[in-house]
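Please consult the sequence and coordinates shown below while reading.

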Amino acid sequence: MNKVVKFFKAELKKTSVLLLLLLALSLANLGCAGPAWRGWSGFASQDGVLYFGSMDGKVLAINPSARSQGATFPGEGEWVFKIPTVGAPGGMCGPLGCAPAAPPVDVYATPVVAGDLVCVATYADQSGKLVAIDRLSPGYTEGVPLRSKGEWTYPSGVKSIGAIVGSPVVVESTLYVGSSDGKVYALDAVYGEKKWEFNTGAKIWTSPAVKDGVVYISNYGHKFFALSSTDGSLLWEIELPAAIASSPAVSGEKVFFGTFDHQLYAVDHTNGDVKWTFEGGNWFWSTPVVKGDVVYAGCLDHRVYALKASTGEEIWQFAADSQIVSTPVLVDNLLVLASESGKIYMLKVDNGDSERTVSIGGPIVAPLYAEKDTVYVHARNRCVYSVNAQSGEIAWKFCYSDIK
Amino acid sequence: MAELWNTIILEPVLNSLIALSGLLFGNFGLAIIVLTVIVRLILLPLTIRQTQSTKVMQSLQPKLQEIQKKYAKNQQKLQQEMMKMYREAGVSPLGCLWPMLIQLPIWIALYQSIMQALAATPENLLSLSQHLYSWAAVGQAVPLNEHFLWLRLSRPDPNLILAILVGGTMWVQQKMVTPPAVDPRQQSMNSMMTLMLPLMFGLFTLSFPSGLALYWVVSNIIGIIIQYFITGGWGYLRAPSVPKQMPAQKTAPAQKPMPAEQQSKVLKKASEQSKTIKQASEEKKKGLFRR
């Protein structure tokens with residue numbers, strides 16, 4: 001009681017000071033909030049080795065046969081490469097602690113293999129870079145690419161472009177990528193020299209799709225573009241009511257993508273005319289998967305929809321236990337799907353019936369990757385899982401968080 | 001608990017902010033300004049009540065100090081006398097506390113909404129999807145354009161402009177409501193607080209997203225305007241920081257209890273003052289709304 005009285009005795013000034021300090025504390029908490037590990041790179045594969053960006057700023061090459069035998073890392077063909085940071089040494093200190101001058105490097109884009117190189121797109125706060133690494137063994141010395149191995153970075157030196165979230169695509173020795181600076185870059189994949197660039201005018205966080213000499217890409221300014229792959233000239237563009245959330249998938253005469261107003265679009269690949277739309281319960285975030293006349297689209301409303309590619313008519317839908325962030329894969333007659341909570345579903349492509357379900361230890365947001373019957377999963381707990389789609393068994397698990 | 005907070009408070013504020021941004025040509029900076037104005041207007045009656053209570057409480061200070069000195073050794077009697085004084089003056093010591101407590105969750109929700117809506121990283125954007133309504137205006141507005149004037153709203157302002165504005169406006173607001181204290185210790189604490197808080201928030205501005213700092217500036221400016229109209233001027237901003245010691249006060253035996261007659265006079269005066277302030281603020285309020 002005494003304390004209460006004393007409290008009431010205090011003037012408003014003191015009370016307001018207390019409340020403001022409380023606010024400041026809650027603000028400090030907000031400022032500190034954030035995921036511990038960032039990035040959601042999928043896998044690229046060549047000569048039996050998987051390449052991917054880790055959730056702690058590294059690129060890894062892992063050999064599935066070495067992993068299945070439980071060999072010590074690194075085994076044959078395996079390596080780990082710390083992506084060099086861009087920025088001056090030293091740090092800036094504020095009231096809530098010190099921030100390093102060079103922001104941490106994250107990898108959201110799935111790497112791509114081009115000849116003897118594996119190309120990784122980086123995200124470091126506002127800046128990004130393309131880093132081409134010798135895929136047999138990285139030759140980088142103190143962050144500088146080894147020219148004799150054909151390694152390169154774009155842009156070279158300490159220069160950078162906007163941060164990269166969408167995965168690069170390589171077609172006929174040309175690498176295409178979109179950047180947060182709003183530009184689409186086409187680079188020579190062997191030498192890392194720029195062939196052309198196209199400014200879309202707004203941030204790009206999605207991947208391009210390239211088919212028959214046309215680069216399809218969207219930006220967060222509600223626009224979708226078709227560019228000539230040879231010189232980057234604009235073939236056509238469309239503006240939609242909402243921004244485009246997913247990367248596009250091209251099949252037949254249509255381009256499929258999801259938007260932030262819960263729609264899945266099918267547009268004509270020659271002029272961008274909208275052929276049909278389908279409404280889901282949330283964003284269609286993952287890239288649609290198309291096979292024959294069926295589009296499989298994972299949605300953040302926890303569902304995957306199978307739609308007729310020609311009409312947009314729903315064939316079936318399946319409800320998972322949580323959001324579907326990662327892009328699903330097709331393995332024979334199965335659609336393999338991962339929910340954010342860490343469950344992997346094997347669904348019959350004909351009717352969406354669940355054949356089997358596997359639960360792994362960590363959340364899944366990175367796209368799945370399949371080779372024959374094996375599905376590789378890069379989970380949020382910094383582990384890679386090899387799952388047999390036919391049996392549903394986890395063949396092996398490799399946690400790179402253990403690597404020193 | 002977190003889910004309840006998200007459903008009842010955070011999500012309505014977050015979605016309104018994003019929808020507002022869509023209506024204001026995709027300008028998130030303008031949306032922050034407009035929403036801050038709307039929220040402060042909704043809370044205006046509470047702000048007015050708070051200001052009234054503060055004024056009355058301040059007018060009771062001499063009497064309060066007197067009672068404290070008089071019954072320093074008898075806590076129970078002190079409480080009784082204090083309650084009696086508050087009752088007679090027609091104010092509740094909680095009167096100035098409740099409005100602040102009610103406003104607090106709304107401010108925190110606004111902070112959180114601004115941070116979440118800006119979705120600076122891909123993970124932030126993804127997690128935003130869990131808090132959005134299926135309103136067309138919301139779907140069409142995300143992801144938000146973070147550019148406003150010279151600012152990137154999800155990043156701290158690289159210039160000192162916003163930090164100075166936050167600190168400056170907060171100092172003015174603090175100064176307007178802080179009465180000069182007679183007690184030198186109280187006075188030095190007051191001046192330290194008046195200086196420390198703006199300085200602290202000014203420093204926060206250097207490391208927080210400028211969208212939040214923009215909200216602080218707008219909120220402070222509105223606070224100053226409301227204060228100006230309710231109290232009818234710049235308040236203690238113009239008053240000297242240390243009041244001149246009255247000779248009577250100097251010589252007056254501080255320990256000597258006030259005669260009963262004088263005590264009742266002070267109380268009567270406070271009560272009258274309370275009524276006058278209430279009447280005046282009612283008129284001001286009407287005037288304000290008319291405007």
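Which residues of the largest nonpolar core touch the most other members? The model considered here is predicted, and the answer is taken up under the first heading.

## Nonpolar cores

The largest nonpolar core contains 167 residues, and A:Cys119, A:Val336 and A:Val377 touch the most other members. The element that gives the most to this core is helix H11 of chain B, residues 210-231, with 10 residues. Another core, of 8 residues, lies apart from it and includes B:Val56, B:Leu60, B:Ile67 and B:Val91. In soluble globular proteins, nonpolar side chains tend to be buried together.

The surroundings of A:Val336 can be listed in detail. With residues up to four places away in sequence left out, A:Val336 touches A:Pro328, A:Val329, A:Val331, A:Ile344, A:Met346, A:Leu368, A:Ala370, A:Val375 and A:Ala389.

## Composition of the two chains

Chain A has 404 residues, of which 47% count as buried. Its secondary structure comes to 3 helices and 36 strands. Among the contacts in chain A between residues at least 6 apart in sequence, 42% join residues at least 24 apart.

Chain B has 291 residues, of which 37% count as buried. Here there are 13 helices and 2 strands. Residues 24 or more positions apart account for 82% of the chain B contacts with a separation of 6 or more.

## The sheet S1 to S4 of chain A

Four strands of chain A form an open sheet in the order S1-S2-S3-S4, with antiparallel pairing. Strand S1 (43-46) and strand S4 (79-82) of chain A stand at the edges with a single partner strand each, so one side of each is left without a neighbour in the sheet. From one strand to the next, the twist averages 15°. Strands of a sheet pair through backbone hydrogen bonds, either parallel or antiparallel.

Strand S2 (residues 49-53) of chain A is joined to S3(A) by 4 bridges, and the two run antiparallel. They form a hairpin with 4 residues between them, and A:Gly57 in the turn has a positive phi of about 75°.

S33(A) pairs with strand S34 (residues 374-378) of chain A in the antiparallel sense, over 3 bridges. One of the paired positions is A:Glu371, whose bridge partner in S34(A) is A:Thr374.

## Helices of chain B

Helix H1 of chain B, residues 2-23, has 22 residues and reaches 29 Å from its first C-alpha to its last, close to the 32 Å expected at 1.5 Å a residue. Where does H1(B) bend? The bend, of about 45°, is at B:Leu10, and a proline, B:Pro12, follows within four residues. The buried residues of H1(B) include B:Leu10, B:Val13, B:Leu14, B:Asn15, B:Ser16 and B:Leu17. Further along H1(B), B:Ile18, B:Ala19, B:Leu20, B:Ser21 and B:Gly22 are also buried. The helix is followed by B:Phe25, which has a positive phi near 60°.

B:Leu44 belongs to helix H3 of chain B, residues 44-59. Is B:Leu44 buried or partly exposed? With 16 other C-beta atoms within 10 Å, B:Leu44 is partly exposed. B:Leu44 and B:Gly223 are 179 residues apart in sequence, and their C-alpha atoms are 9.7 Å apart in space.

Conventions
Residues are numbered from 1 along each chain as its sequence is written. Chains are lettered from A and ligands numbered from 1 in the order in which they are written. This is a predicted model: local features need pLDDT of at least 70, side-chain atom pairs count only at pLDDT 80 or more; totals for chains, interfaces and linings use all residues. A residue is buried if 20 or more other C-beta atoms lie within 10 Å of its own, exposed if 12 or fewer, and partly exposed in between; C-beta atoms are placed from the backbone. Two residues are in contact if their C-beta atoms, placed from the backbone, lie within 7 Å. Two strands pair if DSSP finds at least two bridges between them. The expected span of a helix is 1.5 Å times one less than its number of residues. The bend at a residue is the angle between axes fitted to the seven residues ending there and the seven starting there. Axes are lines fitted to C-alpha atoms, for helices over the stretch in contact, and angles run from 0 to 180 degrees between N-to-C directions. A nonpolar core is a set of buried Ala, Val, Leu, Ile, Met, Phe, Trp, Tyr and Cys residues joined through C-beta atoms within 7 Å.
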